[in-house]
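Grab a pencil and try these exercises on the structure below. Each task comes with a worked solution.

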Amino acid sequence: MSANTVTKKNPLKSSAGLSDTNLLLIITISVFVLMYACAMLFLGSGFLKAQTFFNILNENAALVVLSCGMSIVMITGGIDISVGAVTALVCMCCAVNLDYQGGSILTAVLIALCIGLAFGLVQGFLIAYLEIQPFIVTLAGMFFAKGMTTIVNATQFNVQNESFQALKSTRITVPGMGAVNKLGAYVPAYVEIGVIVAVLVVIILFAVLRWTKFGRGVYAVGGNNQSANMLGINVKRTKFFSYVLCGLLAGIGGFVYFLHVGSGSPSHASGAEMNAIASSIIGGTMLTGGVGNIAGTFFGVLSLSTIKNIVSSLGLDEAWWTNITVAVMICLFLVVQSIVLARKNKNNAK
Amino acid sequence: MQEGAVLEMRGIDKRFPGVYALQHVDFTLRAGEIHALMGENGAGKSTLIKVLTGVYQKDASEIFMQGTQKPLVIKSPQDAQKAGISTVYQEITLCPNLTVAENMYIGRTAGALTKWKQMNKDAQTLLTSLGIPAQATQQLASCSIAVQQMVAIARAVDMDCKVLILDEPTSSLDEQEVAKLFKLMLDLKARGVGIIFVTHFLDQVYEVCDRITVLRDGQLVGEYIIEDLPRVKLVSKMMGKELGELSDIEAKGEAVHVDTKSMPVIEVNQLESAAGIKPFDFTIRKGEVNGFTGLLGSGRSECVRAIYGADHVTGGKVKINGKEVKIKSPLDAMKHGISYLAEDRKQDGIVGDLSVRENIILALQVLMGFFKPIPRAKAEAFAKEYIKLLGIRTASADTPIKSLSGGNQQKAILARWLLANPIYLILDEPTRGIDVGTKMEIQKLVLKLASEGKSVTFISSETDKMLRTCSRLVVMRDRRVVGELSGDDLTQDKIMMTIAGGEKK
Amino acid sequence: MAATNNLQQKTGAKKFGAMLSALVHRQIFIPIAALLLLLIFNLIADPSFFAITLAQNSAGDPVLSGYLITVLDNASELVILAIGMTLVTAASGGQDISVGATIAIAGSVVLRVLCGTNSRPDTLQAPIIVAFLIGCVVSMLFGAFNGVMVAFFKIQPMVATLILFTAGRSIAAWINNNELPIISDASFGYFGNFIPGIPVPTPIFIAALCMIIIALVLKFTNLGLYTQCVGINAHSSRLNGINPATIKFLTYVILGLCVAVAGFIKVSRFSTINYSVVAKDIEMDAILAVALGGNALSGGKFNMASSILGAYVIQLLTTTLFKFNVVSSALPAYKAVVVIILVVLSAPVVREKMLALWTKIAPKKRVKEAA
């Protein structure tokens with residue numbers, strides 16, 4: 001940077017270049033933009049409406065929240081596959097509380113947060129302080145949450161609670177993004193409350209990871225946890241809090257999900273953990289740890305849900321097509337990531 | 001506490017299951033001195049440092065720092081840092097995915113938020129003032145190993161430490177960088193910092209150190225002022241052997257001379273590889289010991305790696321005993337009777353969790369093929385034979401190799417390649433990071449192998465060692481071969497001149 | 001006199017401590033301890049768990065029945081998967097989470113070949129052995145796909161196999177045009193149930209055969225050494241002439257074969273298939289078996305016997321829970337609690353602490369007794 005270092009002749013000089021995190025982020029964003037642009041061009045009508053985009057957000061607000069938590073633990077080099085099951089458990093508990101126990105929105109929110117926090121605390125403790133493999137611990141967490149959901153209530157039911165219904169159907173209009181419908185009336189574009197929560201979560205976590213001590217610790221631990229320890233970072237505490245945070249976000253995500261579907265069911269959010277992992281990966285987080293970005297994760301969720309939308313608007317709405325396309329997409333992203341990173345490393349080595 | 005002492009360790013004990021790693025060791029460091037900590041592998045240097053930095057918990061002892069009455073409690077690297085003890089390890093202990101600046105400041109800044117601008121500015125100022133060729137905002141992984149090492153030192157320097165521990169900091173630096181580091185050390189010394197310097201390079205010890213503490217087998221041999229301890233004496237203290245024995249070993253170092261008209265065992269013609277070396281020629285005859293030399297990063301290892309098929313070969317021919325062969329992978333090379341002892345023991349040599357026995361038979365096993373496992377009894381016999389032959393110090397053949405000391409690991413890997421019974425053996429830095437005794441044993445072994453008719457290529461940064469063993473030296477600079485020395489040309493001066501070449505300094 | 005006595009006791013305690021420590025540090029200790037714990041629990045709770053009776057099934061053939069038989073029978077698929085999963089784990093330091101989905105594919109292929117174009121044929125459209133072999137080939141191809149992603153594109157195994165995990169059941173449905181094939185030929189059911197005249201369930205034999213085969217393979221080839229080498233240090237394996245990519249790839253293909261066998265048993269049990277339910281969550285059980293066997297999920301050294309025992313422990317746990325009338329959908333919660341207890345007890349950190357505690361308490365106790 002300073003003229004001094006540049007002019008000095010040195011055989012060890014190396015290029016600054018992009019960091020892995022930024023490189024993967026750029027790939028993700030450009031793929032998303034490209035994909036959406038193609039959809040607008042070739043599929044027309046639906047994708048040209050702003051509301052289509054907002055609907056993607058409405059549908060996937062919970063996934064955004066879950067994926068953020070997943071990304072954080074993945075950056076530390078771990079994984080949490082209990083988030084989907086915790087979401088289902090939160091939905092069921094909130095539903096039971098609202099309809100059978102005469103609870104209010106407040107108690108439901110508290111229940112959601114407490115469940116998430118409890119899972120986070122226990123799993124975090126087992127992983128960070130007892131050094132048990134995260135996959136096993138969260139696998140058990142997933143089984144536990146799944147089982148508990150059916151123990152709380154084995155069947156699906158819709159919540160009737162009025163204040164909840166009011167909250168659920170609250171729509172926040174987005175100024176200037178509306179469209180004129182067939183009858184010629186102006187229909188304003190809207191998002192649900194969950195989207196606001198999700199966006200807040202994304203912004204806050206982005207800031208946490210970028211500027212706080214904890215956030216930088218998360219990257220350091222994921223990069224090399226022995227080194228991080230030597231550098232004076234409390235590795236165990238950092239890991240612990242990342243799982244607590246992930247658990248808490250699973251609680252929040254669970255409530256957002258609940259707010260969107262308005263019912264409790266043991267089959268809710270099944271496979272959500274895999275979607276969250278997929279979103280994180282598409283968003284440029286690497287399972288090996290140390291690399292990832294919350295903004296990327298956000299775009300990862302958008303990419304994943306856009307491709308699902310594209311598939312269904314192509315008329316291939318049988319469930320298996322969605323699954324297969326999603327799989328193909330993950331596959332593509334992984335191969336692209338692996339090739340790009342391998343090439344970059346090769347260049348650096350020279 | 002002694003007068004002027006900045007750190008005092010008394011009666012340090014450290015036990016691992018079955019062995020005493022440290023037994024009643026005392027160590028005193030004075031302010032403003034550079035204190036060498038010397039000893040062979042397994043002498044307990046690393047353990048002592050790890051106790052001091054809180055990586056290991058000591059079993060019994062007291063540690064005092066300047067200005068404190070009570071013994072210091074160090075339970076973690078953080079405690080050590082707080083007490084003013086900073087360490088730069090041989091292996092980089094930084095996070096490769098973070099930026100250079102972050103690596104310098106993470107884990108020790110006040111306040112919960114990272115002030116990026118301020119941090120980058122500070123880091124850049126410090127890097128510039130220390131002459132480290134890195135940018136504050138670049139990702140650490142994109143720096144060379146040497147620069148990463150220097151960043152680690154910069155971090156320690158910036159922490160205003162009272163005690164700075166440098167654990168083998170020079171093993172991956174070239175001469176220019178070592179000089180820079182020494183200048184830095186002397187600067188710090190003038191500022192009153194006590195520096196503990198662990199190294200295997202005797203020259204470096206006599207260049208910068210004031211005092212030497214010698215350890216052997218986990219026990220204190222003594223503390224000496226540098227002027228009072230000539231090199232030979234130091235070596236004999238470290239090895240626990242008398243002077244006569246040593247000079248005996250030294251004298252035996254006579255390069256083997258071979259018939260230069262005989263058919264070359266290996267003949268390499270314009271070989272080049274994806275690792276970026278310029279095409280080179282190379283020959284070696286039966287019973288010959290030769291070497292590659294050059295500065296760090298000059299392409300020494302890349303050349304032999306190309307011969308061995310470890311890097312992707314992009315052109316050129318290899319003839320073995322006059323017959324042209326295609327070597328596309330290490331397995332091809334092994335089948336043709338080439339063995340390669342890699343430079344990086346930890347990454348490319350040992351298979352850490354496997355036992356010493358499995359590590360020793362590995363190459364032979366691979367040569368015999370997937371469907372012919374060596375019977376257990378035979379494997380045990382092989383392991384026993386080589387453990388005895390090379391004097392590998394291990395609890396048993398079933399001990400995981402990772403729990404052995406560096407030198408013994410190296411011997412086990414050497415055993416692996418000897419067992420494969422090669423016609424051509426490549427030893428890439430076989431003596432790096434191991435003690436003087438083992439170094440000499442390995443040199444003797446090389447000469448013995450040559451006398452048995454094997455060809456050996458020996459790569460080392462220590463030219464004096466090379467001079468004693470090799471009859472011919474290939475000199476490299478900037479990834480190309482710049483000269484071949486043999487006979488009367490084989491002198492330190494001549495080598496240095498060839499390495500330096502036309503470059504004006 | 002008293003002093004020597006004391007000393008003897010001390011050394012005795014030390015010896016016992018050392019023995020205990022050696023035992024506790026053996027890898028196979030974990031699944032054995034878990035197995036004993038569960039068996040003792042069953043013995044106390046209800047000894048009838050161990051009863052084995054000879055009854056007649058609907059076809060009039062004599063069959064053995066009892067909880068232990070159920071455990072051995074139902075664990076078969078899991079054991080077979082655990083074999084492949086152990087190798088994959090050791091070599092690639094990761095797990096294949098697509099095995100459940102690929103079982104659906106393999107099963108679907110077998111049924112498709114047997115049914116031909118008609119989904120409810122009266123007679124088999126191909127010999128069973130042909131269907132089985134085609135199932136094996138297809139399954140190994142999918143294994144190879146995972147292997148390519150992991151070994152050649154260097155993608156983390158869990159992520160690479162996420163692809164087939166997501167798409168596998170859809171592919172299985174697509175193979176049979178989303179129809180429900182049913183085999184009416186009784187001989188197809190022999191492999192998942194009983195062969196007339198033999199009172200022991202066939203899957204037990206198949207699992208035993210697989211165990212014998214893998215034992216022979218491990219004994220007469222270097223598969224074990226190579227996979228461990230690759231898992232511990234891929235760099236030095238390469239320089240020693242082992243191609244890490246090939247070995248990793250190979251383990252995934254082997255797992256593919258295991259999946260095919262397991263899938264074959266699964267469809268044979270019911271003579272039909274339910275794409276979304278068949279072998280559901282079995283990947284979790286298989287991974288658990290490997291972990292319960294004390295194998296590091298991060299790869300490297302493995303102990304096959306330990307993994308296999310782990311698989312039986314998991315099935316024993318499932319069966320025990322069923323016996324105590326736990327609803328099948330609530331089963332995971334109980335399983336999770338047991339798993340957590342087992343894993344916590346077997347965690348190295350916890351074991352070290354407990355051992356330290358034991359050595360602290362033990363001598364004192366002895367001294368007290370002596371006094």
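**Exercise 1.** Why is strand β6 (residues 163-167) of chain B largely enclosed by the rest of the structure?

*Solution.* A bit of background comes first: this is a predicted model, where local features need pLDDT of at least 70, side-chain atom pairs count only at pLDDT 80 or more, and totals for chains, interfaces and linings use all residues. Residues are numbered from 1 along each chain as its sequence is written, chains are lettered from A and ligands numbered from 1 in the order written, and side-chain values use heavy atoms, leaving out hydrogens and water.

Step 1: strands are DSSP runs (E, at least two residues), numbered from the N terminus. Step 2: 5 of the 5 residues of β6(B) are buried, so the strand is largely enclosed. Buried means under 20% relative accessible area, with a 1.4 Å probe and protein chains only. Step 3: check the faces. Val163(B), Ile165(B) and Asp167(B) are buried on one side, and Leu164(B) and Leu166(B) are buried on the other.

**Exercise 2.** Find the strands that pair with β6(B); pairing takes at least two DSSP bridges.

*Solution.* Step 1: β5(B), residues 85-88, runs parallel to β6(B) with 4 bridges, and Ile85(B) partners Val163(B). Step 2: β7(B), residues 194-198, also runs parallel to β6(B), joined by 5 bridges. Here Asp167(B) sits opposite Val198(B).

**Exercise 3.** What share of the 505 residues in chain B is buried?

*Solution.* Buried residues make up 58% of them. For the overall extent, the C-alpha atoms fill a box of roughly 75 × 50 × 50 Å along the principal axes.

Conventions
Buried < 20%, exposed > 50% of the residue type's maximum accessible area, 1.4 Å probe, protein only. Pairing = 2+ DSSP bridges.
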